[in-house]
Amino acid sequence: MSGIQIYDSHQGALRTFEPLQAGRVGMYVCGPTVYSHVHLGNVRTFLSFDLIFRYLQYRGFKVRYVRNITDAGHLVDDADEGEDKVAKRAKLEQIEPMEVVQKYTVNFHDVMRAFNALPPSIEPTATGHIVEQIAMTQQLLSNGWAYEANGSVYFDVEAYSQTHPYGELSGRNTEEMMSGSRDLDGQSDKRSPLDFALWKKASDAHIMRWASPWGEGFPGWHLECSAMSTKYLGEEFDIHGGGMDLKFPHHECEIAQNKGAHHHGGARYWMHANMLTLNGKRMSKSTGNTLLPEELLSGDSPHLSKAYSASVARFFIHQAQYRSVLDFSDEALQAAEKGHQRLMNAFKTLSQRAKQGPKEGQFDVQAWQNRCLEAMNNDFNSPILIAHLFDAVKAIQADQNDPAHLGQAGAAALLGHLEAWIFVVLGLQADAASGTAGASSQKALDAAMAIVLDARRKAREQKDWAASDAIRDLLAAGGIQIKDGAEGSSYTIQ
Ligand SMILES: [Zn+2]
């Protein structure tokens, strides 16, 4: 079995994953800026890293997964100008900035829980790490990579790029960046438009402010991730992830800060999750081509014909590899819902399989399991994994007709592997298989069906085929399929 290959977007190549410490993984992922509801594109990014987190754990790694909450310092234009996103929303809603932070952090957690994303090991906030950010700024000043101007501190890109390849992650060079940047026009304290803020002086109107050696101010957006990844994972750690849109400037600046402060670029593998489109177009609030997770789950959107369960959406998301663009559409979700149902039905059939047939079957479960592992080892290729899961679905169907197909030991082994892939690695949830039915309604349905199947068994014992067939046909019309086996009858929802 080969090891795990990761596409490192810093080197632009697949690399064999070798953690710094055997058996352990340190992973940092840029979390949300909590000033509004998390959108579906963000959900995809976080589910991509949730899958990676789950798979690494499944393979026996002890993972420390750090995902931050940006609750200060992220300005409206994503650069160093404009209002703080959180403070702007606070003014709009006429509440305290920390109420904004609390409201949207709770919403983010609710959404992550609905999509069955595991919580990270540590979830640090920018406002909780002002001291660390000030210390890193001081370190950069004393190393000569930053300068103070009028109460603000900026990273000196020109000085840094004399000896370091600024642009190494995004593949840009500083001349290109200069030609694409706005002229400072003497309006800024920056020496060059490429410089970015480590610490910004707070204007009188700025609400979120902290004392610092340079007066009252707030940290620059890029600094928190360098400070917090270093604090919890060390100066050098294994994986840094985030959405593709963060590659530049955010992650480029992180590397420069890390190298400038302590000579290591931070992460040894950079991973970027691709974006989500809706009906073939970029999602955008202004054009109305947008979908919130809440709208997906309620069906309350002009883009949808009905509601979809979070598990179906998750299944749909993992049908594409995290590095490819994924397009959401009502049609595609309907197809995913059918696939999700088939997978869950097959799993249920296998879990109810009677002990019959020979010990060993014809289907080579170990070879199949190795193919599944290979798919995930190849840069977490979940669509290939899912294709293999449907090979298992076919094998389960063949086994229904001929129990020599899986055999008793094969069926038990397949059940164990399938359970791990579906629920532990892909993070799907069985309840969603029956639409909006939760665990309690599933239990009630099972009880009712036990009575119906018993009545049908009695009819068959009395050779009342008309009654037996009528029960079967009426259930089929209602979407419930009866399967008769040597050990009795079972049902699945179509
Ligand atoms: Zn970040």
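The expected span of a helix is taken as 1.5 Å times one less than its number of residues, and helices (H or I, at least four residues) and strands (E, at least two) are DSSP runs that are numbered from the N terminus. The model is predicted, so local features need pLDDT of at least 70 and side-chain atom pairs count only at pLDDT 80 or more, while totals for chains, interfaces and linings use all residues. Residues are numbered from 1 along each chain as its sequence is written.

**View 1. Helix 1 and the residue just after it.** The 19 residues of helix 1 should span 27 Å at 1.5 Å a residue, and the end C-alpha atoms of the helix are 26 Å apart, which agrees. Of these 19 residues, 17 are buried, so helix 1 is largely enclosed by the rest of the structure; a residue counts as buried if 20 or more other C-beta atoms, placed from the backbone, lie within 10 Å of its own, as exposed if 12 or fewer do, and as partly exposed in between. Just after the helix, Gly60 takes a positive phi of about 95°.

**View 2. The largest nonpolar core.** A nonpolar core is a set of buried Ala, Val, Leu, Ile, Met, Phe, Trp, Tyr and Cys residues joined through C-beta atoms within 7 Å. The largest one holds 119 residues, of which Met27, Val86, Phe155, Leu198, Ala392 and Trp421 touch the most other members. Helix 1 (residues 40-58) gives the most to this core, with 10 residues.

View 3. Strand 11 (residues 276-278) pairs with strand 12 in the antiparallel sense over two bridges, and Leu278 stands opposite Lys281 in strand 12.

**View 4. The hairpin of strand 14 and strand 15.** Two residues lie between these strands. Strand 14 (residues 480-485) and strand 15 (residues 488-493) pair in the antiparallel sense over six bridges, and Gly485 has Gly488 in strand 15 as its bridge partner.

**View 5. Glu461 in helix 15.** Helix 15 covers residues 439-461, and Glu461 counts as exposed because it has 9 C-beta neighbours inside 10 Å. The C-alpha atoms of Glu461 and Ile239 are separated by 63 Å, and the two residues are 222 residues apart along the chain.

Technical notes
Pairing = 2+ DSSP bridges.
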